[in-house]
Amino acid sequence: MRAHVSFARISRSLGPQISTKRRGMSSFIRKVTATASTSTADNPPPASHFEQFMGEEWERNGINSELYRGLSAGRVRQHVNPLTTHLQVPAQPPDWNATFSDTSKPLVLDIGCGYGRFLLALAQRMPTHNMLGLEIRDPVIERANAWAERLQLHKQVLFLSANATISVETILNTPSSSPPYPGLIDLVAIQFPDPHFKKKHKKRRTVQPNLILTLANIMKPGGRVFLQSDVVEVAEDMRNQFERHGGDAFTLCHELHNTTDEGCVFYQSSSSASREQQEEEETDDNNNSSSSSSNKNNKDDGDEWQSQWVGGGWLVRNPIEVPTEREVLNISQHKPVYRVMLVRN
Ligand SMILES: C[S@@+](CC[C@H](N)C(=O)[O-])C[C@H]1O[C@@H](n2cnc3c(N)ncnc32)[C@H](O)[C@@H]1O
């Protein structure tokens, strides 16, 4: 099937480990389905079912439960408002030479990395790359770095406390004080960002025009941006913003969004999938205007801009083949995920 060829191709560009060990999302999904189908209403799963599933899933991805022993992040706030005054100071870059054992390796940047398991799992499959996770909640970062050390990955993986929306430029493209990251930025992942549903809170979303312009600036042709969310409206917003503000620099990855390959992509729009969410949002805002549609997403801006990328659909599978924490949760609950892969022109 062409789709497999495409995945292998993209995997090759991200490192040999992925293409040789193809433990794809399909088998992952099959396993979840099989696990979930054993429970019925009369025979509910034990309380630990989900934890057990998560544990097994991460163990399969090289993250053993031993890792957590004695390390707690303490009390972690569920959500942070990135517009809070003290979060308006861009984070500074680390000393790259003191951080990574080989700074010439290409970089994978995970924006809003959460607890970091995605990069820790990916690093084990891709020793060819360095990994940088940016996360706005401090306690989470401290523990993620401790996990990296326990896994002996601390010379390949770094988690930094940062408001990524305003810090990517200073961290990776430092104009004066310290040198920029020496290697290529090969893959940028923005996965399941906080949705900030209310219209008045859209400015809190991680993907903003300045972030897109920075990525366009620091990435070289062939670099990839992977976007995914379980909220179709958020996925659309990310995709549309990249198209609107970075459309000259980025394009949909045609290999993956090849609409002639059956089963490769699917179509869903916010107008059909998240009507309930939107109604909630509109009620909250006392706003009775009609909801946005998948390709006309800029009524706020007062124009009729239309997405061309909408035609590329959403990727059925995760081409990176390593799930994030949120993704594991979603798959265990059979929730759809909306994904696009972009390429720097
Ligand atoms: C829903 S979680 C998803 C985490 C992870 N990407 C995953 O897929 O499992 C979103 C994460 O983004 C972080 N976050 C939100 N805004 C951020 C920002 N401006 N900069 C960096 N991290 C941010 C949140 O603290 C949270 O950990």
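Modeller: pLDDT is the predictor's confidence in each residue, on a scale from 0 to 100. This is a predicted model, in which local features need pLDDT of at least 70 and side-chain atom pairs count only at pLDDT 80 or more, while totals for chains, interfaces and linings use all residues. Residues are numbered from 1 along each chain as its sequence is written.

Colleague: What pLDDT does the chain average?

Modeller: Over residues 1-41, pLDDT stays under 50, and it also stays under 50 over residues 287-294. Where pLDDT is low, the predicted coordinates should not be read in detail. Of the residues, 73% score at least 70, and the chain average is 81.

Colleague: Which helix gives the most to the shell around the ligand?

Modeller: Helices (H or I, at least four residues) and strands (E, at least two) are DSSP runs, numbered from the N terminus. At least two residues of the shell come from each of β2 (130-135), α8 (164-172) and α13 (325-332). The largest contribution, three residues, is that of α13.

Colleague: How many residues of helix α6 (residues 117-125) are buried?

Modeller: A residue is buried if 20 or more other C-beta atoms, placed from the backbone, lie within 10 Å of its own. Among the buried residues of α6 are R117, F118 and R125. Of the nine residues in α6, the number buried is eight.

Colleague: With which residues is L122 in contact, leaving aside its neighbours within four places in sequence?

Modeller: Contact requires C-beta atoms, placed from the backbone, within 7 Å. Beyond those neighbours, the partners of L122 are V108, M131 and V322.

Key
Buried ≥ 20, exposed ≤ 12 C-beta atoms within 10 Å, placed from the backbone. Contact = placed C-beta atoms within 7 Å.
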